[in-house]
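Subject: Structure for you to look at

Hello,

Here is the structure I said I would pass on. Please open it first, then read the notes below it.

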Amino acid sequence: MSTKILVLGANGQLGKSIKEYISIHKIDGDFIFTTRTEIDITDFAKLENTIKSIQPSYIINCTAYTAVDKAESELEQANLINNIAVGKLAQISKVYGCTLIHISTDFVFDGTKNTPLIEDEKCIPLGAYGKTKFDGEQAIIQNLESYFIIRTSWLYSSIGANFFTNISKYARDRVSLNIVYDQVGTPTYTMDLVETIFNIILSKSNSFGIYHYSNEGVCSWYDFAKELVSMQKIECDILPILSAQYPTPAKRPAYSVMDKNKIKSTFGIQIPHWRESLGNVIANL
Ligand SMILES: NC(=O)c1ccc[n+]([C@@H]2O[C@H](COP(=O)([O-])OP(=O)(O)OC[C@H]3O[C@@H](n4cnc5c(N)ncnc54)[C@H](OP(=O)(O)O)[C@@H]3O)[C@@H](O)[C@H]2O)c1
């Protein structure tokens, strides 16, 4: 792959996974990784100058304001990063002929449906994070034709702070943990998402648009926690509780399972079940 690819937000969970994937799979390509210190996407002049000088074919935007609860009190900052800057990135991508691969979230949905959500489903975000991510999607759609917006859910990996690493750590220190069972969705292993991103790039497809991607299967946070603890043989009781017993500043969708038929049929990909991927993550720890 000799295509020039700029990865923004290289120090985040997804950005780091892209680096790891390239190294493990020896992906040949011209990659430029930038962290927030190197390019803050809210510094529009620097963002434009960098893209102008690099002229990448693809930009993978791994940057985001991801503190879901904090976003409720830091709406302006979340909106700047997840919406305003994303719109600017789309405008710059258009000027320099770049295809933008942007990651969005299942939190654009309100969770009132109980069947898998397709890409055209009406978006009704419940909180500030979901709202700013949805507005960011719209900003791309309004400013650029060559984009892939991939909505994903419950992203985790074996590095950094995420549900998998946090629960694994807490479970080793405690006798029991209370985990909500009335929020249902699907975990997504970062490396599976990265593989899909590379499949899209390698396909050289111009089937631009919004796509849903998570691992296969359905579970609650309780099921996910119970399984990850059991697979690692950690002695900790995982106890089911209601979301109402664990109030958070931001409301989360009760159901956010996404229908992935569009991405599977467009790019001919197979998606591993969340249990299979979880098993692989644990086997490789
Ligand atoms: N995590 C999930 O469960 C989840 C679920 C669904 C969708 N997503 C989406 O998936 C994508 C990747 O998420 P992730 O889990 O990798 O998030 P993450 O670990 O929080 O990484 C986000 C990265 O963005 C960087 N960043 C924030 N503001 C920036 C700015 N102004 N300029 C440049 N970089 C900036 C952060 O920099 P610092 O390292 O300096 O903080 C961080 O490295 C995001 O779009 C997110 O919305 C995530």
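In which loop does glutamine 55 lie? Glutamine 55 is in the loop between helix H2 (44-54) and strand E3 (58-61). Keep in mind that this is a predicted model.

The phi angle of glutamine 55 is near 50°, a positive value in a residue other than glycine. Glutamine 55 counts as exposed because it has 11 C-beta neighbours inside 10 Å, and the cut-off for exposed is 12 or fewer. Lysine 204 also has a positive phi, of about 50°, although it is not a glycine. Lysine 204 sits in the loop between helix H6 (190-203) and E10. With 9 other C-beta atoms within 10 Å, lysine 204 is exposed.

Next, the sheet. An open sheet is formed by 6 strands in the order E2-E1-E3-E4-E5-E10, with parallel pairing. Strand E2 (30-34) and strand E10 (209-212) are the edge strands, each pairing on one side only. On average, neighbouring strands of this sheet are turned by 20° against each other, direction ignored. Strand E5 (residues 147-152) runs parallel to E10 and is joined to it by 4 bridges. Isoleucine 150 stands opposite tyrosine 211 in E10.

Last, the ligand. It is surrounded by 24 residues, and the closest are Gly12, Gln13, Leu14, Arg36 and Ala64. By type, the residues of this shell divide into 9 nonpolar, 12 polar and 3 charged. Helix H1 (13-24) and strand E4 (99-105) each supply at least two residues of the shell. H1 gives the most, with 3 residues.

Regards

Conventions: Residues are numbered from 1 along each chain as its sequence is written. This is a predicted model: local features need pLDDT of at least 70, side-chain atom pairs count only at pLDDT 80 or more; totals for chains, interfaces and linings use all residues. A residue is near a molecule or strand if its C-beta atom, placed from the backbone, lies within 6 Å of it. Ala, Val, Leu, Ile, Met, Phe, Trp, Tyr, Cys and Pro count as nonpolar, Asp, Glu, Lys and Arg as charged, and the others, Gly among them, as polar. Two strands pair if DSSP finds at least two bridges between them. Axes are lines fitted to C-alpha atoms, for helices over the stretch in contact, and angles run from 0 to 180 degrees between N-to-C directions. A residue is buried if 20 or more other C-beta atoms lie within 10 Å of its own, exposed if 12 or fewer, and partly exposed in between; C-beta atoms are placed from the backbone.
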